[in-house]
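My notes follow, one topic at a time.

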Amino acid sequence: MSARFAFGKNVKELRFLLSNAGEGSASLRNFLTKSYPVMKKANPETPILIREALDTEPRVWARFELGRETVAQLNGLNEKQIEEKVAGLVKNA
């Protein structure tokens, strides 16, 4: 899993938004519990932010050079699909 989360140098920030208690964010909460340490170890200089808000749809943003941002919806995805979506987001920079 660590090779999938080795971000390119053009990734300046990765930001997750999720509900702290909502059912739609349960898979993302589990994914972050398992994967955050791996992502941070592979990318120690890149900020990885986790923001929780009540009744929020789970999403992930990647910020790249020159302020360009890309967002991906994670609602209804399982942990494996979230991993694939995040890996694709940081690779398609």
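I start with a cut-off: a residue counts as buried when its relative accessible area is under 20%. By that rule Glu 13 is buried, because its relative accessible area is 11%. I also jot down that this is a predicted model.

**Entry 1: the sheet.** I found an open sheet of 4 strands, in the order S2-S1-S3-S4 and with mixed pairing. Strands S2 (48-52) and S4 stand at the edges with a single partner strand each, so one side of each has no neighbour in the sheet. From one strand to the next, the twist averages 15°. I then checked S3 against S4: these two pair in the antiparallel sense over 5 bridges. As an example I noted Trp 61, whose bridge partner in S4 is Val 71.

**Entry 2: the helices.** Next I asked myself: which strands does H1 lie across? I found H1 across S1 and S2, running at about 160° to S1. H2 also packs on the sheet, where it touches S1, S3 and S4. The direction of H2 makes about 15° with that of S3.

Entry 3: A reminder to myself: side chains of opposite charge can pair when their charged atoms come close. How many salt bridges does the structure hold? I count 4.

I looked up Arg 63 with Glu 13, whose side chains meet at 3.7 Å, N to O. Arg 63 sits in strand S3 (residues 59-64) and Glu 13 in strand S1 (residues 11-18), so this pair ties together parts that are 50 residues apart in sequence. Is Arg 63 buried, exposed or partly exposed? I get 27% relative accessibility for Arg 63, which counts as partly exposed.

Then I turned to Arg 15 and Glu 69, whose side chains form a salt bridge at 3.3 Å, N to O. Arg 15 belongs to strand S1 and Glu 69 to strand S4 (residues 69-73), so the pair ties together parts 54 residues apart in sequence. Glu 69 is partly exposed, at a relative accessible area of 40%.

**Entry 4: a salt bridge between helices.** I also looked at Glu 79 and Lys 34, which meet in a salt bridge at 3.1 Å, N to O. Glu 79 lies in helix H2 (residues 79-91) and Lys 34 in helix H1 (residues 26-42), so parts 45 residues apart in sequence are tied together. Glu 79 is partly exposed at 25%, while Lys 34 counts as exposed at 52%.

**Entry 5: the network.** Last, I followed the shared partners: salt bridges join Glu 13, Arg 15, Arg 63 and Glu 69 into one network.

Terms used
Residues numbered from 1 in each chain as written. Predicted model: local features only at pLDDT ≥ 70, side-chain atom pairs only at ≥ 80, totals over all residues. Heavy atoms only, no water. Buried < 20%, exposed > 50% of the residue type's maximum accessible area, 1.4 Å probe, protein only. Pairing = 2+ DSSP bridges. Axes fitted to C-alpha atoms, helices over the stretch in contact; angles between N-to-C directions. Contact = heavy atoms within 4.5 Å.
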